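Q: Please take a close look at the pockets in this model. I would like to know what lines them and which parts of the fold supply the lining.

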Amino acid sequence: MDREDVYEKLRTIIGRGANQIQTGRASILPKHPATTKLLTNLFAENEANLLINCFELCGEALTLDVLSEKSGMPQSEIRLTFDDMNDKGKIMKIGRDRYMLLPYVPATSERYFVHRKDDPEKMKNVALAQAELYALGLIDELSAGGYSPFRVIPSIEPVKRIIALNEMVSVEKQVLPYEQLEAHISRVDPQVFAVVPCPCRTAAELVGNPCQRATDNYCAVAGKQAGHIIKEGVGREVTRDELMDLMKRAEQDGLVHQTSNIQDKTTFICNCCPCCCPYMISRKKLRDAGASAKSNFTPTVNRDLCTLCETCVDICPMEAAYHHFPHESDESDDYIRIRMDLCIGCGDCASVCPTQAIALEKTGHVNPLPTYDAMITEIKNKVSH
């Protein structure tokens, strides 16, 4: 099999199996020169040959004895090669002797740039190819799934103010545990947390487009996955209190909390920017919730408290807030307006407002599906193309 055929077969295997339904069509890499550039820089030819000989689809964890039988190579040799790929975030090792080939989006695209252990020139070439694929609409394929795999969780303090105000109101106004970041994190079991480098900002920096909002590491992994990340030496362990402080700092930098669009315990909290995060970029470009569902909260502006400082305008990741300059002679129409068709309910505007003129209000009642398995089934049933 020649080199071109090897990488073409690897491309089809990466897009095959249960994992591809996680995000509709986004996990299937298209047949395009940018995909070839991505795969040839991500996997050396000997690695690609080994992978196509060992795996028929993504998401299937195979033991060393099975891999040895499929490849005809000694277990010791396979372990060396696969451990190296796992160390660089190209595949995933589970336990002592099981290995899994992953889809590219979401999975390898995050792991690879979180680990940041590959040759710098190769990482740059992968980042360039990835950026080209995103520009061609790879992430936009999330809309084909019919159910957003991610969702926005609103900022911390504005939600606390809602809870304080609405303690005695009707049930539909109550903030549910999965709608509040602090409560959502408190449900994680075990209570282990790790902060990791943001893969989106790392990839953007490699192609010469560094993040315009943040340089600190704000993305977090929780529970068993956090323990795994810490053992790998990729993430920095933090306490729950340290994590919450980090989340508040992320809001001040204008980042948006995102997690899985399910009610079940979270395994990660991403803090996303509108310049590097492909999911937010797609959401903004298409005005579509295919990539990430908005929260159940909307901001309201108290004009009596508002000083028109435009802090909210500057920080809004969706550019939904703007200063409506007056037309009337008495300037009665001089105010800050928020376009609800663009707003995702992140609450960053309310979090940074110096006069607390912006408050969040629970106006939506869309509940995410209860479990990860239910989400996968829903996406599979609603794939449109």
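A: Helices H6, H7 (120-135), H10 and H13 (278-286) each supply at least two residues of the lining of the second largest pocket. Helices (H or I, at least four residues) and strands (E, at least two) are DSSP runs numbered from the N terminus. The model is predicted, so local features need pLDDT of at least 70 and side-chain atom pairs pLDDT 80 or more, while totals for chains, interfaces and linings use all residues. Residues are numbered from 1 along each chain as its sequence is written, and side-chain values use heavy atoms, with hydrogens and water left out.

The second largest pocket holds about 360 Å³ of space. A pocket is an open set of points on a 1 Å grid over the protein atoms alone, with protein on both sides within 12 Å along at least five of seven lines; a cavity is a set where a 1.4 Å probe fits but cannot get out, and lining residues have an atom within 4 Å of a point. Grid points are joined across faces, edges and corners, and a volume is the space filled by probe spheres set on the points.

Of the 23 residues that line the second largest pocket, Ala131, Tyr134, Cys276, Pro278 and Ile281 lie nearest its centre. By class, this lining has 16 nonpolar, 4 polar and 3 charged residues. Ala, Val, Leu, Ile, Met, Phe, Trp, Tyr, Cys and Pro count as nonpolar, Asp, Glu, Lys and Arg as charged, and the others, Gly among them, as polar.

H6 and H10 also belong to the largest pocket. Its volume is about 1600 Å³, and 47 residues line it, with Met92, Gln225, Ser260, Thr267 and Phe268 nearest its centre. The elements that give two or more residues to this lining are S2, H6 (104-115), H10 (199-206), S6 (219-222), H11 (224-232), S8 (256-260), S9 (268-272) and H16 (372-382). H6 gives the most, with 6 residues. By class, the lining of the largest pocket has 29 nonpolar, 12 polar and 6 charged residues.

S6, S9 and S8 belong to an open sheet of 7 strands with mixed pairing, in the order S7-S5-S6-S9-S8-S4-S10. Two strands pair if DSSP finds at least two bridges between them. The edges of this sheet are S7 (236-238) and S10 (292-293), each of which pairs on one side only. S6 and S9 pair in the antiparallel sense over 2 bridges, and Ala220 stands opposite Ile269 in S9.

S2 belongs to an open, antiparallel sheet of 3 strands in the order S1-S3-S2. S1 (61-63) and S2 (92-94) are at the edges with a single partner strand each, so one side of each has no neighbour in the sheet. S2 is joined to S3 (98-100) by 3 bridges. Met92 stands opposite Met100 in S3, and Met92 is also among the residues nearest the centre of the largest pocket.

There are also 3 cavities of 30 Å³ or more. The largest cavity has a volume of about 100 Å³. Its lining comprises 15 residues, with Pro299, Cys316, Cys343, Cys346 and Cys349 nearest the centre. That lining has 12 nonpolar, 2 polar and 1 charged residues. The second largest cavity holds about 80 Å³; of its 13 lining residues, Cys306, Cys309, Cys312, Cys353 and Ile358 are the closest to its centre.
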